[in-house]
Amino acid sequence: MPDASAPTEALVPVTVLTGYLGAGKTTLLNRILTEQHGRKYAVVINEFGELGVDNDLVVDSDEEVFEMNNGCICCTVRGDLIRIVGGLMKRRGKFDGIIIETTGLANPAPVAQTFFVDETVRSRTRLDAIVTVVDAKHLPQRLADSHEAADQIAFADVIVLNKTDLVTPEELAAVEQRIRDINPFATIHHAVRGDVPVTALLEQGAFDLDRVLAHTPDFLADDAHEHNEDVASMSFEVERPIDPERFNAWIGALLAAEGQNLLRTKGILAYPGEDRRFAFQAVHMIADGDFVGPWREGEPRRSRIVFIGRNLNRPQLRRGFESCQVKA
Amino acid sequence: MSQTASLDHLLDTRGVRQEFGAFVVATAFDRGGVPAFALGDGTLRLLRDGSWQSVAAHDGAVLALAADARAEGFVSGGDDGRFVRTARDGTTTEIAGFGMKWVEHVASYADAKSPVLAGAVGKQVHLFDAAGATLKTLTHGSSVSGLVFDARGKRIATSHYNGASLWFVASKSDNPRVLEWKGSHIAIALSPDGDSVVTAMQENALHGWRLSDGQHMRMSGYPAKTQSLSFTRSGKWLATSGAEAIVLWPFTGGGPMGKAPTELAGADGVLCTQVACHPQHEAVAAGFSDGMVVLADIPSGRILPVAAPGRGPISALAWSADGGRLAFGSESGFAAVVDFSKA
């Protein structure tokens, strides 16, 4: 549940719906819109999209990815979304949330970054979750022949593993493991023809800092097997508190150097003498961090960080994170 | 303490005000001097002889408003994909429909011989004659974020990703003069002499091109995006929003290069959201995020309060052509017209 005292309550939640062509994205979108949930959504569909149902507010948009003039090449935003959100705010109060459907080949990073980089968008909306629809039968092939399929899984907060009726239980288990290897913190829902309850997709608060690592990956089991994925995840946990200055210096340099390869980063940090947890997240180079709720009584105050990306250097990341600890 | 009362003195003594309960997207005076407000609920509200008239022009939000090129009435664009003409009596006529695409910007140029209407829809700007017949379509490489006619109606300037384009309205061949600068340009202004094109950028800065010598102009230092920019009648100053003051760049003596801007009506923690230069004098009206509206005399730096804070961030501001009246509206639906001319 979102914190009732947080100012984010007035912000319009935005759900990003990604997925490869043929994965069942449009079917899922139509389900969301036809289900009787008593809420109204503004829907932004891409230029090739079609909506099979009536919805009061559908915006047809060209996906315009703009580079920011800040010297950071991975810092791209969706210019069309900045305009559309500005326009939608003029009829504020007429809808409860915004759903953005991307094209099958879209990289989700520019969409996500738009909600962190643009001040106007940030002041009026909040990115609620990235929902990725994948096809249980064809995912292995998609992962083999495109970068985007892995990117869409890597960025996801919620994964709808669709068309499970077309695969054997063994195939399903294998495909789920491949998803886990890429992204250990997404919630996975099995589905046939997108039959996932809307409550499992919308209002997830996945980008709220106090939900960072709410779905804790299994830190101990993580190192047990080697992955062969193009995109992989790595998690680290340390015992001693983290020195904020050292951490900021390390993570700042790491994101600057490796930001293009680091798709998503999430961490919960224990600072010395601080009863609150420090939460941290980044999409490529764009980082966000703040104190969230206190450590629970009896909870071990271990700092944890998870990286999802390409060409991750495990020993280097481990040493880097370990060196941020206060001296023993 | 009657601080608030005094800040509202002009509004109280010379204003007509209304609460509309919907986002005021834009305001304009028609060529005969009737003011209208365009709202987020799809209506236009016209003020005629002291009484308000509501016209359901769009099914959705109105996104843009301009005076019609004719002697009376307005043109507007909406998120219903329609480019609509509204007469003073409330009659609406669809000039063109674009389905799910939004009509995000509109402009007009009134000329006895060849009046022109323009509407920006995605990557295209559609030009129409006064009767509403399509003259031509100007296609850009990315979505158009702003458009403006020059003072003589000969050219139309548009802003978009990676720069701006200048098109000749009457040209047979549709090749624009493309002004390149990397990045996303989100609004545009043209100096009265037509020599300077200035855009606002995504990165809280302005970029300009001097057409006569190809000189680039960079104006930066804003804490927020500039949404509104306006040249004074003389072209000596460019007034801009996006800072905790009205920021005025000098376009004289080689400026704005190497010159500091003048800041007027500064207020801590309150952003200037709208500016509109007076059509005759070296003065600028400005609206702020706290709802304050002021009139600033540029040469003397004197500030005249028009409306006190507290009625929502100012989102629309316009002068009548004779400079006698100022119309303004806010995000929360407050609107007013203040008459400076009456004795």
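Guide: Let us begin with a definition: buried means under 20% relative accessible area, exposed over 50%, and partly exposed in between, using a 1.4 Å probe and protein chains only. This is a predicted model, in which local features need pLDDT of at least 70 and side-chain atom pairs count only at pLDDT 80 or more, while totals for chains, interfaces and linings use all residues. Residues are numbered from 1 along each chain as its sequence is written, chains are lettered from A and ligands numbered from 1 in the order in which they are written, and side-chain values use heavy atoms, leaving out hydrogens and water.

Visitor: What makes F20(B) and W52(B) an edge-to-face pair?
Guide: Rings of Phe, Tyr and Trp (its six-membered ring) pair if their centres lie within 6.5 Å; planes under 30 degrees apart count as stacked, over 60 as edge-to-face and the rest as tilted. The centres of F20(B) and W52(B) are 5.2 Å apart and their planes stand at 85 degrees, so the pair is edge-to-face. F20(B) sits in the loop between β1 (15–19) and β2 (24–29) of chain B and W52(B) in strand β5 (51–56) of chain B, so the pair ties together parts 32 residues apart in sequence. Strands (E, at least two residues) and helices (H or I, at least four) are DSSP runs, numbered from the N terminus. F20(B), at 11% relative accessibility, counts as buried.

Visitor: Why are Y271(A) and F278(A) called stacked?
Guide: Their ring centres are 5.0 Å apart, with 25 degrees between the planes, and the stacked class takes planes under 30 degrees apart. Both Y271(A) and F278(A) are buried. Ring pairs also link F236(A), F247(A), W250(A), F280(A), F307(A) and F321(A) into a cluster.

Visitor: How do you know that E331(B) and R124(A) form a salt bridge?
Guide: A salt bridge is a side-chain nitrogen of Lys or Arg within 4 Å of a carboxyl oxygen of Asp or Glu. For the side chains of E331(B) and R124(A), the N to O distance is 3.0 Å. Across the interface of chain A and chain B, the rule finds 8 salt bridges.

Visitor: How many residues are in contact between chain A and chain B?
Guide: Taking contact as heavy atoms within 4.5 Å, 23 residues of chain A meet 26 residues of chain B. The area buried between them is about 2,200 Å², with carbon and sulfur atoms giving 51%; buried area is the accessible area that two parts lose on being put together, summed over both (1.4 Å probe). On the chain A side, N69(A), R83(A) and K90(A) lose the most area to chain B, together 28% of what that side buries.

Visitor: Why is N183(A) called buried?
Guide: N183(A) has a relative accessible area of 0%, which is under the 20% limit. N183(A) lies in the loop between α7 (169–182) and β9 of chain A. Among the residues that N183(A) touches are I153(A), F155(A) and I308(A).

Visitor: What makes R193(A) exposed?
Guide: R193(A) reaches 58% relative accessibility, so R193(A) counts as exposed. Phi of R193(A) is near 50 degrees, a positive value in a residue other than glycine. Most residues other than glycine have a negative phi.

Notes:
Lists of a residue's contacts leave out its neighbours within four places in sequence.
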